[in-house]
Amino acid sequence: LAMPDERAELHHEDEYLADSVQNTIGRALEAACQKVNADESIPVSLKKKQIIFLLYTQGIFKFKEAVGTVAAALNLSPNTVYLHIRSAKSQQTAPCD
């Protein structure tokens with residue numbers, strides 16, 4: 001059983017980890033947005049999908065909070081983010097022609 005000081009320290013570490021995860025997601029999202037928005041060859045209609053693809057290839061969606069955070073930042077529903085994640089998965093696993 002953890003002592004009161006140990007529990008407080010563990011709680012502080014959990015908060016730090018949560019902040020760290022959110023910061024990681026935020027930094028990756030910001031970098032992906034900058035990269036995609038700077039690429040004029042990507043049509044405006046596909047920019048959000050491409051941002052999600054980049055984040056998927058970086059493993060950002062392994063974090064539990066990532067879908068909700070990305071959905072809110074891109075003004076999309078979580079279901080739309082999941083749709084684009086499934087599309088990214090199928091693109092990565094498609095056999096080469």
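1. On one side of α4, Asn-79 and Thr-93 are exposed; exposed means over 50% relative accessible area, buried under 20%, and partly exposed in between, with a 1.4 Å probe and protein chains only. On the other side of α4 from these two, Val-81, His-84, Ile-85, Ser-87 and Ala-88 are buried. Seen down the axis of α4, the buried residues fall within an arc of 160°, so they line one face of the helix. The arc is that of the directions from the helix axis to the C-beta atoms. Among the elements covering them are α2 and α3.

2. This is a predicted model: local features need pLDDT of at least 70 and side-chain atom pairs count only at pLDDT 80 or more, while totals for chains, interfaces and linings use all residues. Residues are numbered from 1 along each chain as its sequence is written, and side-chain values use heavy atoms, with hydrogens and water left out.

3. α4 has 16 residues and reaches 23 Å from its first C-alpha to its last, close to the expected 22 Å at 1.5 Å a residue. The expected span is 1.5 Å times one less than the number of residues. Helices here are DSSP runs (H or I, at least four residues), numbered from the N terminus.

4. In α2, the buried residues are Lys-47, Ile-51, Ile-52, Leu-54 and Leu-55. Their arc around the axis is only 160°, which puts them on the same side of α2. After α2 comes Gly-59, with a positive phi near 80°.

5. The largest nonpolar core has 21 residues, and Ile-51, Leu-55, Phe-61 and Val-70 have the most contacts inside it. Such a core is a set of buried Ala, Val, Leu, Ile, Met, Phe, Trp, Tyr and Cys residues joined through side-chain atoms within 4.5 Å. Two or more residues come from each of α1 (4-38), α2 (47-57), α3 (66-73) and α4 (78-93). The largest share, seven residues, is from α1.

6. Which residues does Leu-55 touch, not counting those up to four places away in sequence? They are Ala-28, Leu-29, Ala-32, Ile-60, Phe-61 and Val-70, where contact means heavy atoms within 4.5 Å.

7. Two loop residues remain. Asp-39 lies between α1 and α2 and, at 31% relative accessibility, counts as partly exposed. Asn-75 lies in the loop between α3 and α4 and counts as exposed at 69%. Asn-75 has a positive phi of about 60° although it is not a glycine.
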